[in-house]
Amino acid sequence: MTTAAITAPSKPGVPSKSRARRKAVLWGWLFLVPLVVLFTAFSLWPIVASWAYAFFDWDGVGPPEVFIGLDNFREALNSTSFWNAFWNSFLFSLGALFIELPAALCLAMLLNNVLLRGRNIYRLAIFLPVVSTTAVIGLVIAVLLAPVGGVVNEVLLGIGLVDRPINFLGDPNVALPTLVVVDIWKGFGITLIYWLAALQTVPKDLYEAAKLDGAGARQQLANITIPVIMPIAVVVLLLTFQRSLNTFDLVQAVTGGGPIFSTDVLPTYIYRYAFDANIAAPRYGFACAVGVIFGVFTLIITLLQGPLLAGRLKRTAA
């Protein structure tokens, strides 16, 4: 003889599980509304609008009306000043990849040593420039590197390394390398933190086993440290590349892209055509087109990172 399951009625005043779940979901969506609104207004809409305005000859006053198709893109790609800014942006990235990245890794391995006293103080000192305002750092650097009265030139003259002041920021041949070095120093701390986080993922047992087998420091680095952190290293490489590629505030604060556009980068190039008061009529449409080209280039680099990361992960797992 079978008995039918009897569902006990819910107590008065106590909501059912389905109603409580719906209520929790509703509150979750309500908390997401401010984030969605702000993201749409300040991130999504500017991206969509820049793509639309890139096809117009528009000065920013009134609605865009003069549709010119791909003319802005053709003008940018055929402009020597655009490619000059593009190459300068790429040089900032090359400096970050080939100088900042390996130097930060070497220092991170040193600071990751538990036997080093005061390592937290060293980490803090290296990270301070990251949290400092770039515009303020740029102004301080401009004062320190001034050809007349600058501390750096005074020291170089005092110890006899140079016989006349160096115009670090006024010489077209010296200004760009100077800014690249300053940018590396400014972003060095965040790259160091990335490497320290990666080194924390290496199991200590592997080092202990390697020492028991007689492996030296170089063998441990080549056979344990590098293979284990390689998947994270690919991500660190991408993040460092993108950060250095978008250098703007430092260049704008120190040189404004000069002298003779020798330090001009794509962000300052876009800024000049969109907001520079020295231009009689702003060209927002052209600036948007350059921004779209810049964004597409960055997107391509990001998409190329995916297969590279997947391949590294497969080789590491094998």
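Analyst: What follows is a walk through salt bridges, cores, pockets and a loop.

One caution comes before the details. This is a predicted model.

Start with the charged pairs. Side chains of opposite charge can pair when their charged atoms come close. The count here comes to four salt bridges. Among them is the pair formed by R283 and E75. Their closest N and O atoms are 2.8 Å apart. Where do R283 and E75 lie? R283 lies in the loop between α11 (266-275) and α12 (284-317), while E75 belongs to helix α2, so the pair ties together parts that are 208 residues apart in sequence. R283 is partly exposed, because its relative accessibility is 25%. E75 is partly exposed too, with a relative accessible area of 36%.

Helix α2 (residues 71-77) also holds R74 and D71. Their side chains meet in a salt bridge, at 2.8 Å from N to O. The two residues are three apart in the helix, which means that about one helical turn separates them. R74 has 46% relative accessibility and counts as partly exposed. D71 has 39% and also counts as partly exposed.

Now turn to D264 and R272. These side chains meet in a salt bridge as well, at 2.7 Å from N to O. Are D264 and R272 buried or exposed? The cut-off for buried is under 20% relative accessible area. D264 has a relative accessible area of 1%, so D264 is buried. R272 is at 13% relative accessibility, so R272 counts as buried.

Next comes the nonpolar packing. The largest nonpolar core has 38 residues. Which of its members touch the most other members? They are F82, W195, I229 and V290. Several helices contribute to this core. At least two residues come from each of α2, α3 (80-111), α7 (172-199), α8 (204-212), α9 (217-245), α11 and α12. Look at V290 in particular. Leaving aside residues up to four places away in sequence, V290 touches A76, F82, L266, Y269 and I270. One of these partners, F82, is itself among the residues that touch the most other core members. Another core, of 16 residues, lies apart from the largest one. Its members include I141, V180, L250 and V254.

Helices α11 and α12 come up again at a pocket. Along with α1 (17-53), α11 and α12 give two or more residues each to the lining of the second largest pocket. This pocket holds about 370 Å³ of space. Which element gives the most to its lining? That element is α12, with nine residues. The lining has 16 residues, and the closest to the centre of the pocket are S50, C288, G291, V292 and G295. What classes of residue line this pocket? The lining divides into 13 nonpolar residues, three polar and no charged.

Compare the largest pocket. About 510 Å³ of space lies there. It is lined by 14 residues, and M109, N112, N113, Y207 and Q220 are the closest to its centre. The elements that give two or more residues to this lining are α8 and α9. By class, the lining has seven nonpolar, four polar and three charged residues.

Most residues other than glycine have a negative phi, and most peptide bonds are trans. The loop between α10 (249-254) and α11 holds P259. A cis peptide bond joins G258 and P259, with omega at about -5°. I260 is in the loop between α10 and α11 too. I260 has a positive phi of about 55°, although it is not a glycine. F261 also has its place in that loop. Phi of F261 is positive as well, near 60°, and F261 is a residue other than glycine. Are I260 and F261 buried, partly exposed or exposed? I260 counts as exposed, because its relative accessibility is 73%. F261 counts as partly exposed, because its relative accessibility is 45%.

Terms used: Residues are numbered from 1 along each chain as its sequence is written. This is a predicted model: local features need pLDDT of at least 70, side-chain atom pairs count only at pLDDT 80 or more; totals for chains, interfaces and linings use all residues. Side-chain values use heavy atoms; hydrogens and water are left out. Helices (H or I, at least four residues) and strands (E, at least two) are DSSP runs, numbered from the N terminus. Buried means under 20% relative accessible area, exposed over 50%, partly exposed in between (1.4 Å probe, protein chains only). A nonpolar core is a set of buried Ala, Val, Leu, Ile, Met, Phe, Trp, Tyr and Cys residues joined through side-chain atoms within 4.5 Å. Contact means heavy atoms within 4.5 Å. On a 1 Å grid over the protein atoms alone, a cavity is a set of points where a 1.4 Å probe fits but cannot get out, and a pocket is an open set with protein on both sides within 12 Å along at least five of seven lines; lining residues have an atom within 4 Å of a point. Grid points are joined across faces, edges and corners, and a volume is the space filled by probe spheres set on the points. Ala, Val, Leu, Ile, Met, Phe, Trp, Tyr, Cys and Pro count as nonpolar, Asp, Glu, Lys and Arg as charged, and the others, Gly among them, as polar.
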